[in-house]
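User: I would like to learn how to read a model feature by feature. Please give the general idea, then the case.

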Amino acid sequence: MSGQMIWGTVMLGACLLLHIGFLIADIKLLKWLNGRLWASGPLYSTIVLLCAAIIVIVLSHSAQVWLWAISFIAFGAFNDPGTAVYFALVTYTTLGYGDIVLAENIRLYAALASVTGLLGFGLSTAFLVAVFGKLLPNHLAD
């Protein structure tokens, strides 16, 4: 049980560091795009910047789901990559359909994938609120 907690916590930390890296890259991308798009008009630039912000966030979450899936295969929970990705996605998003139940020796580890998703979605939401807060006043200004 303690091994599951230790490895799950390591995986959670690695995923959140990855997510923070994606968000930092997103900030740099948005600054770069903003400098080149603002002359195109506030509506167009706002749309492009918001789409870019969301795309990078989706890529980050996708990468984390793949990492969890690979780890499930590495720990022997699944042999089939498709099932591993499906389970990782359902767990990461906290949907938890329950159609796949893991053995006791990996359940606690898998539960930490849910915690990773919760924290990642929280960071993503805060990031998007900040981006919207910066972009929308510029777009709505007279």
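Analyst: Start with exposure. A residue is buried under 20% relative accessible area, exposed over 50%, and partly exposed in between, with a 1.4 Å probe and protein chains only. This is a predicted model, where local features need pLDDT of at least 70, side-chain atom pairs count only at pLDDT 80 or more, and totals for chains, interfaces and linings use all residues. Residues are numbered from 1 along each chain as its sequence is written, and side-chain values use heavy atoms, leaving out hydrogens and water.

User: Is valine 48 buried, exposed or partly exposed?

Analyst: Valine 48 has a relative accessible area of 23%, so this residue is partly exposed. Valine 48 lies in helix α2. Helices here are DSSP runs of H or I with at least four residues, strands are E runs of at least two, and both are numbered from the N terminus.

User: What about leucine 49, buried or exposed?

Analyst: Leucine 49 is also a residue of helix α2. Its relative accessibility is 2%, so leucine 49 is buried. Its C-alpha atom is 6.1 Å from that of leucine 30, 19 residues away along the chain. Leucine 30 is itself among the buried residues of α1.

User: Which state do leucine 59 and serine 60 have?

Analyst: Both sit in helix α2: leucine 59 and serine 60. Leucine 59 is partly exposed because its relative accessibility is 49%. Serine 60 is at 1%, so serine 60 is buried. Leucine 59 and histidine 19 are 40 residues apart along the chain, yet their C-alpha atoms are separated by 9.5 Å. Serine 60 and phenylalanine 72 are twelve residues apart in sequence and 19 Å apart in space, C-alpha to C-alpha.

User: How do I check a helix against its expected span?

Analyst: Multiply 1.5 Å by one less than the number of residues. For α2, 33 residues should give 48 Å, and the end C-alpha atoms are 48 Å apart, which agrees. For α1, 36 residues should give 52 Å; the ends are 51 Å apart, which agrees. For α3, twelve residues should give 16 Å, and the ends are 16 Å apart, which agrees.

User: Which residues of α1 and α3 are buried?

Analyst: An α-helix has 3.6 residues a turn, so residues three or four places apart point the same way. In α1 the buried residues include Gly8, Met11, Leu12, Cys15, Leu16, His19 and Leu23. In α3 they are Ala84, Phe87, Ala88, Val90, Thr91 and Tyr92.

User: How many residues form the largest nonpolar core?

Analyst: A nonpolar core is a set of buried Ala, Val, Leu, Ile, Met, Phe, Trp, Tyr and Cys residues joined through side-chain atoms within 4.5 Å. The largest one here has 19 residues, and Trp68, Phe72, Phe78, Phe87, Ala88, Leu102 and Tyr109 touch the most other members. Two or more residues come from each of α1 (2-37), α2, α3 and α4 (104-140). The top contributor is α4, with five residues.

User: Which residues form a nonpolar patch on the surface?

Analyst: Patches take residues with over 30% relative accessible area and no salt bridge, joining like charges within 9 Å and nonpolar side chains (Val, Leu, Ile, Met, Phe, Trp, Tyr) within 5 Å. A salt bridge is a Lys or Arg side-chain nitrogen within 4 Å of an Asp or Glu carboxyl oxygen. Areas come from the Shrake-Rupley method with a 1.4 Å probe, and for residues only the protein chains shown count as cover. Here Ile6, Trp7, Val10 and Phe75 form such a patch, with about 420 Å² of accessible area together. Phenylalanine 75 is in the loop between α2 (42-74) and α3 (81-92). Its relative accessible area is 42%, so phenylalanine 75 is partly exposed.
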